[in-house]
Amino acid sequence: MSQTSDTQPFERWESNVRSYSRAFPAVFSRAKNAEVWDEQGRKWIDFFSGAGTLNYGHNPPSIQKKLVEYISSDGIVHALDSYTVAKREFLARFGKDVLEPRGLDFKVQCCGPTGANSVEAALKLVRRVTGRDGVIAFSGAYHGMSLGAASITGAKSTRRARGVSVGHTTFVPYPVGPMGEFDSLGLLRHQLEDLSSGVELPAAVFIESVQMDGGVYVAPEGFLRELRALCDKHQVLLVVDDIQAGCGRSGKFFSFERAGITPDVVTVSKSIGGMGLPMALLLMKKAHDVWKPGEHTGTFRGHQLSFVAATAALDLWTSAPFQSHLAALSALLQGELAARFKALNSRLEVRGIGGVLGVDVRNAGGEAAAAAVGRACFEQGLMIERCGREDTVLKVLPPLSIPLDQLRAGCAILEGELKRVT
Ligand code: PMP
């Protein structure tokens, strides 16, 4: 921390619940693409991306320009869920450029502005559609902090913070995790097909096709296809939470595309808002759009500035330079850079897909080592978050727009500190 940064107002006034300020002790003031500055002018390479919200980087000029134009022309900023020009443009673009080319005949629900709110909407919807209460979720899953979302989240700390017990969720181990591979489908089959399994037929299975906060575990494509078939067989809905792994992070727009499956319901948030503007969507097959008007309402559903930014972000997503950069970044990260981390120490586990890589030190010093690496990286000018069961995974999550030389430079800092600490 710079000597002269004034942190007294935070310590005096802000709740103890603050968290990232502890991992990243600086007072930030400015950011561009994959670089962030504090008020003293210290600079960091950003491997954090606002927890997956900045796939297009900080302040992309084309999105900034659209927002400034919109505000200066007195574009309506708050309109609840009225029809607006900004929403019309976003829906038309999202339909034409994201849903239609993928054959996804989804309706789009604008939820309250956080990911957790779209998870809440999904929980209500699957129960409404099926008339059943129970849901299946996976160990290691992270779906958010509101009560419903926390009820399907595996993490101990989230569950502890809930304060009350919540029922209706049956947890199944993810097919890959810190305890090795697991026959999740075998267990699910047993639960759904043995009439005496003790588990009622659930409304839905909630899954992240890539568990991000759980430690960067990538569900195998075959598993996702079989899960889809099993859900179909029993008329159980399949909900993919694509809040963090979606919007291009896996290399494709949706993280489930690689398996060629269509979920019944999808949650989308974070990077859909273009440059960190709050936005959360629930996508559902048309037949499942059983809501009555206003049944899942909220004051900040579909904020107009977020629509403007999200539409401009789709211009970037569909541009050839962005797509070729994404392909090059994914190849570099999953190829050469992953191999360099693996070569450092045989006890390091390296997992990833597209634009995310997890370097797990659980067998190479554990939590203390991960914390030391994270701290040292920050001192060396790299912002990187930790995730996984005991926060032992260093999560390389740069903006997808990061220049490749900065990606290499950030990885070199991480490599140096991993070598030193482990
Ligand atoms: N689902 C997933 C997969 C997430 O990664 C997150 C946020 N980390 C959420 C849900 C919750 O989103 P929010 O923090 O915006 O409520």
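This is a predicted model: local features need pLDDT of at least 70, side-chain atom pairs count only at pLDDT 80 or more; totals for chains, interfaces and linings use all residues.
Student: OK. Which domains is the chain divided into?

Tutor: Domain 1 covers 8-60 + 320-421. Domain 2 covers 75-317.

Student: What distance separates their centres?

Tutor: The centres of domain 1 and domain 2 are separated by 25 Å, taken over C-alpha atoms.

Student: And how many residues are in contact between the two domains?

Tutor: On the domain 1 side, 32 residues are in contact with domain 2. On the domain 2 side, the number is 28.

Student: Let's go inside. Which residues touch the most other members in the largest nonpolar core?

Tutor: Those are F94, F254 and L414. This core holds 87 residues.

Student: Which helix gives the largest share of this core?

Tutor: Helix α11, residues 304-317, gives nine residues.

Student: Where does this core lie, and why?

Tutor: It lies between domain 1 and domain 2, because both domains give residues to it.

Student: Why would nonpolar residues gather like that?

Tutor: In soluble globular proteins, nonpolar side chains tend to be buried together.

Student: Back to L414. What is it in contact with, leaving aside neighbours within four places in sequence?

Tutor: The list is F341, V359, V373, C377, L382, I384, L394 and V396.

Student: What other core lies apart from the largest one?

Tutor: There is another core of 23 residues. Among them are A121, I243, V265 and A280.

Student: New topic: the ligand. Which residues surround the ligand?

Tutor: The ligand is surrounded by T114, G115, A116, Y142, H143, G144, E208, D213, D241, I243, Q244 and K270. I243 also belongs to the core of 23 residues.

Student: Which atoms of A116 and the ligand pair up?

Tutor: A backbone N or O atom of A116 is 2.8 Å from an oxygen atom of the ligand.

Student: How much of the ligand does the protein cover?

Tutor: On its own, the ligand has 390 Å² of accessible area. The protein covers 83% of that.

Student: Stay with K270. Where is its place, and what is its phi?

Tutor: K270 sits in the loop between β13 and β14 (281-285). K270 has a positive phi of about 50°, although it is not a glycine.

Student: Why does K270 count as partly exposed?

Tutor: Its relative accessibility is 22%, so K270 counts as partly exposed. Buried would need a value under 20%.

Student: Which phi does C247 have?

Tutor: C247 has a positive phi of about 55°, and it is not a glycine. C247 is in the loop between β12 (237-241) and β13 (265-268).

Student: Is C247 buried or exposed?

Tutor: C247 is buried, with a relative accessible area of 3%.

Student: Next, D97. Where is it found?

Tutor: D97 is in helix α5, residues 85-99. At 15% relative accessibility, D97 counts as buried.

Student: Now G215. Is it buried or exposed?

Tutor: G215 counts as buried, at 0% relative accessibility. G215 is in the loop between β10 (210-211) and β11 (217-218).

Student: What is G215 in contact with, beyond four places in sequence?

Tutor: G215 is in contact with R351, C387, G388 and V393.

Student: Last one: L332. Where does it lie, and what does it touch?

Tutor: L332 lies in helix α12, residues 320-344. Not counting residues up to four places away in sequence, L332 touches L337, L404, L407 and R408. The C-alpha atoms of L332 and L407 are separated by 9.1 Å, and these residues are 75 residues apart along the chain.

Terms used. Residues are numbered from 1 along each chain as its sequence is written. Side-chain values use heavy atoms; hydrogens and water are left out. A nonpolar core is a set of buried Ala, Val, Leu, Ile, Met, Phe, Trp, Tyr and Cys residues joined through side-chain atoms within 4.5 Å. Buried means under 20% relative accessible area, exposed over 50%, partly exposed in between (1.4 Å probe, protein chains only). Helices (H or I, at least four residues) and strands (E, at least two) are DSSP runs, numbered from the N terminus. Domain bounds come from an automatic or database domain assignment. Contact means heavy atoms within 4.5 Å. A residue is near a molecule or strand if one of its heavy atoms lies within 4 Å of it. A polar contact is a pair of N or O atoms within 3.5 Å; within protein, one must be able to donate a hydrogen and the other to accept it, and residues adjacent in sequence count only if both atoms are side-chain atoms. Accessible areas come from the Shrake-Rupley method with a 1.4 Å probe; for residues, only the protein chains shown count as cover.
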